[in-house]
Amino acid sequence: MTTTSPIITVEGVEKSFGSTRALAGVDLAVEPGTVLGLLGRNGAGKTTLVRILATLLAPDAGRVRVAGADVVRQARVVRSLIGFAGQFAAVDETLTGRENLELVGRLYGLGRSKARGRADESLERLSLTDAADRRVGTYSGGMRRRLDLGASLVGRPVVLIMDEPTTGLDPRTRIELWTFIEELVREGTTLLLTTQYLEEADRLADRIAVIERGRVIAAGSPDELKQRIGGDVLEVRATSSGDVERLVGLLNGLGSGPPMADLRGQRVTLPTSERVQTLLAAARRIENYGIAVDDLSVRRPSLDDVFLSLTRQTPTQPSADFQPSQPQGAAS
Amino acid sequence: MNTASIALLPTRPPIRPPGLRAFVSDTLVLTRRNLLLSLRTPQLVVAAAIMPVMFVLLFRYVFGGSIHVSGYSNYVDYLIPGIIVQTSLFGGSSSAVAVAEDLSKGATDRFRSLPTHRGAILTARTLADLVRLTYTVALMISIGLLVGFRFHNAVLPILSGISIALFFGYACSWLFALLGLLVRNVETATVTTFVVTFPLVFAASTFTSTQTMPHWLRTFADAQPVTNVIDALRALTQGKGPAQRPVLYALAWSTGILIVSATFATRRFREA
């Protein structure tokens, strides 16, 4: 291991929009050639941070540097070094794929033939050569995202910044895009991506920063984060959603932490360091109380579990996806 | 990290130098992009021409017979300059919609995350509109000539008159670009431009003399830019009436609109 200096540094960044505090002091560092996954739900502040990195917004306080250049004072330098793919596939529908990429090349200051060469290069890497001369309006959603990614590669960036690159894509297209991203990273590009999908962060990221209400509430490798939950996870799936709350009360005190309810999945999860004992104890209680369950198992923790256990510690508004609920009758 | 993977790190790309060269190059590249986008949306090109053509036909053949303007034996000679300036104002208003569209669809973010010259983005937008406007004005003149409109002056004043109308349209595209930056939404932009342009076009000497209007309306009509630009264009294409005052007023209004709008739009764009 040689020590390298981080290629992205974020220090004490704050940003408010009116009275809404989008970022409340964020610190991050990304080593060159690695992938940082910025994980958080909608409105956590991910996009604001990414827009600051892409020089589209100036922070109210704090410093952000990319390859040593300050994103505010040396914005021009930063723009030459980064590739940015925003949340929408920002490609022009009435232009062809090639025209879109040539346009981007020209805006990097490349001459006409050089821009064309780079466009062809990008199209080929993203397997779009056959569709290059078709208008983007005829592309599928996945092709558009690929073209958008291609556009951010035209400048051969040192740092690639992607805001929710696979949101809204079908599973197959998502996996396809992941493969492209992994290939880029193998060649040494540093990548910072935001995502709501734990699976995506788990697969692509070397390090993950969990962001919640404008703060980084946890950071580490996916494994480190999973270890935080301490051992394994007991999972019970109730037959009827009405029993979820009862199960939470029932399992309280059996594991190494409080049980958590996932109302939508009719599931209750419980962290445990003693897998067999906990499983047996849980099974006995469930049987004694006569609650019908579809499934009862112990498994390795997923990032979902980590995310749930991290975000439940900060007071939050209920979200559609995750609704960490306090166990009822916790003291009993 | 070991040395092998360090060797794999991409080389630092060259930093693009700022300055006039970048501005000119980016303006041209983006103007071309904007024009291609409109050219490939033929329904927009046609729609931009249909309304003024309808106005020409409506006022030439339906209302024209009962409108009498002193000094003009042929109403169509009075009408066409009005239509040209109306077209200039409506033409400029497409900037608002296009700016809002680029903002909401992420195109502006993409351009701004690249080492694009910031000033080039709005300049290219207004230049593309000027090109479109020139095409629509040429079309209006051709239609005018078909329905009996005639120039009654020398070539130089005629061209100056048309240039004044185009300059006014260009200044207005900056105004509408600013509007697009403020509303950021295509539908709102469409409605707002209509609300802004409607009184300017109709409380003016566009279709008839302001002399028959009630005093309060006439005061507004005579002072506002559209009347002055139309009067300047009429004087220069028809060789009738005093040209100096409306020409000066038209230039002063257009320059004022241009400077104020471009300043605020540029500032707003930096913050948007």
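Let me begin with helix H8 of chain B, residues 186–202. Counting 1.5 Å a residue, its 17 residues should span 24 Å, and the end C-alpha atoms are 24 Å apart, which agrees. Keep in mind throughout that this is a predicted model.

Which residues of H8(B) are buried? They are B:Ala189, B:Thr192 and B:Thr193. The cover over these buried residues includes helix H4 (75–105) and helix H7 (155–183), both of chain B.

Now to where the two chains meet. On the chain B side, 29 residues are in contact with 34 residues of chain A. Three helices of chain B, H1 (3–8), H2 (20–39) and H5 (107–113), each supply at least two residues of the side that touches chain A. By class, that side of chain B divides into 15 nonpolar, 5 polar and 9 charged residues.

Next, chain A as a whole. Chain A has 11 helices and 14 strands. Its C-alpha atoms fill a box of roughly 75 × 45 × 45 Å, taken along the principal axes. Of the 332 residues in chain A, 49% are buried. Take the contacts in chain A between residues at least 6 apart in sequence: 68% of these join residues at least 24 apart.

How is chain A divided? There is a domain 1, residues 8–220, and a domain 2, residues 230–311. The centres of the two domains of chain A, taken over C-alpha atoms, are separated by 37 Å. Where the domains touch, domain 1 of chain A gives 8 residues to the contact and domain 2 of chain A gives 6 residues. On the domain 1 side, helix H7 (198–204), strand E9 (207–212) and strand E10 (215–220) of chain A each supply at least two residues. The largest share of that side, 3 residues, comes from H7(A). Sorted by class, the side of domain 1 of chain A that touches domain 2 has 6 nonpolar, no polar and 2 charged residues.

I will take one sheet from each end of chain A, starting with strands E1, E2, E4 and E5. These 4 strands form an open sheet in the order E2-E1-E4-E5, with antiparallel pairing. Strand E2 (20–30) and strand E5 (69–70) of chain A are the edge strands, and each pairs on one side only. Strand E1, residues 8–17 of chain A, is joined to E2(A) by 8 bridges, and the two run antiparallel. As an example of a pair, A:Val13 has A:Val26 in E2(A) as its bridge partner.

The other sheet is also open and has 4 strands of chain A, in the order E12-E13-E11-E14, again with antiparallel pairing. Why is one side of E12 and of E14 left without a neighbour in the sheet? Strand E12 (260–262) and strand E14 (293–299) of chain A stand at the edges with a single partner strand each, so one side of each has no neighbour there. From one strand to the next, the twist averages 20°.

Within this sheet, look at strand E13, residues 267–272 of chain A. E13(A) is joined to E12(A) by 3 bridges, running antiparallel. E13(A) is also joined to E11(A), by 6 bridges, and that pair runs antiparallel too. Another pair is A:Met260 and A:Thr269, the latter in E13(A).

Is E13(A) largely enclosed or largely open? Of its 6 residues, 5 are buried, so E13(A) is largely enclosed by the rest of the structure. For the count, a residue is buried if 20 or more other C-beta atoms lie within 10 Å of its own.

Helix H9, residues 244–251 of chain A, lies across strands E11 (232–238), E12 and E13 of chain A, and runs at about 15° to E13(A).

That is the end of my notes.

Methods
Residues numbered from 1 in each chain as written. Chains lettered and ligands numbered in written order. Predicted model: local features only at pLDDT ≥ 70, side-chain atom pairs only at ≥ 80, totals over all residues. Pairing = 2+ DSSP bridges. Axes fitted to C-alpha atoms, helices over the stretch in contact; angles between N-to-C directions. Contact = placed C-beta atoms within 7 Å. Buried ≥ 20, exposed ≤ 12 C-beta atoms within 10 Å, placed from the backbone. Nonpolar A, V, L, I, M, F, W, Y, C, P; charged D, E, K, R; others polar. Expected span 1.5 Å × (residues − 1). Domains from an automatic or database assignment.
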